[in-house]
Amino acid sequence: MASHSSFAGKARLMAAAWVVCALLAACSVSYKFNGASIDYTKTKTITIADFPIRASFVWGPMQSIFNNELKDIFANHTRLVQVKRNGDLKIEGEITQYTQRNKSVSSEGYSAQTELSMTVNVRFTNNVNHSEDFEKQFSASATYDTTQSLNAVQEELVTEMVKSITDQIFNATVANW
């Protein structure tokens, strides 16, 4: 009987060790660099203009999805007050490209995947420190299987690309790490 209880004790000990290891793995620490490095004593406001669509291929809701997400990321991750004009920081630009292209071909010679891409031109003005001013383009792309229609996946893919682009803009403008 002693060997059976010894085996049961070892089994419980092993199970407890496994649970502890699983808990430690689940409780890992991760750092996400999405905070802003802003001197709030000097920089208090931001003006974010609505970005019009200047692309030849257009999906109507894309403009409002982009503009709302860009304003939201600054509202959620900074203490900057958004003002209509004359902000300490100013972000403006336009959606310049929205395209799709065949990405891969199936063994039968047909398109298997299509890549959707979006490019935004951004002009950033830092009225507190003009050496940080810039104009540049930010892009993102997403792929979908050609067995799906663009209409079926467009909202999800545009939202994904907009999130990527607005994160890039946020990092380039106020997350100077």
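**Exercise 1. Find the side-chain partner of Asn121 and describe the surroundings of Asn121.**

Start with the side chain: that of Asn121 makes a polar contact with the side chain of Glu135, at 2.8 Å. (A polar contact is a pair of N or O atoms within 3.5 Å; within protein, one must be able to donate a hydrogen and the other to accept it, and residues adjacent in sequence count only if both atoms are side-chain atoms.) A quick word on the source: this is a predicted model, where local features need pLDDT of at least 70, side-chain atom pairs count only at pLDDT 80 or more, and totals for chains, interfaces and linings use all residues. Residues are numbered from 1 along each chain as its sequence is written, and side-chain values use heavy atoms, with hydrogens and water left out.

Last, list contacts (heavy atoms within 4.5 Å). Beyond four places in sequence, those of Asn121 include Phe51, Glu92, Thr96 and Gln137.

**Exercise 2. Work out what Asp88 reaches from its loop.**

First, locate Asp88: the loop between β2 (81-82) and β3 (89-105).

Now follow the side chain of Asp88, which gets to the backbone nitrogen of Lys44 at 2.7 Å.

Then widen the view. Not counting residues up to four places away in sequence, Asp88 touches Lys42, Thr43, Lys44, Thr45, Thr125, Asn126, Asn127 and Val128.

Finally, compare sequence with space: Asp88 and Thr47 are 41 residues apart in sequence, with their C-alphas 7.6 Å apart.

Notes
Helix = DSSP H or I, 4+ residues; strand = E, 2+ residues; numbered from the N terminus.
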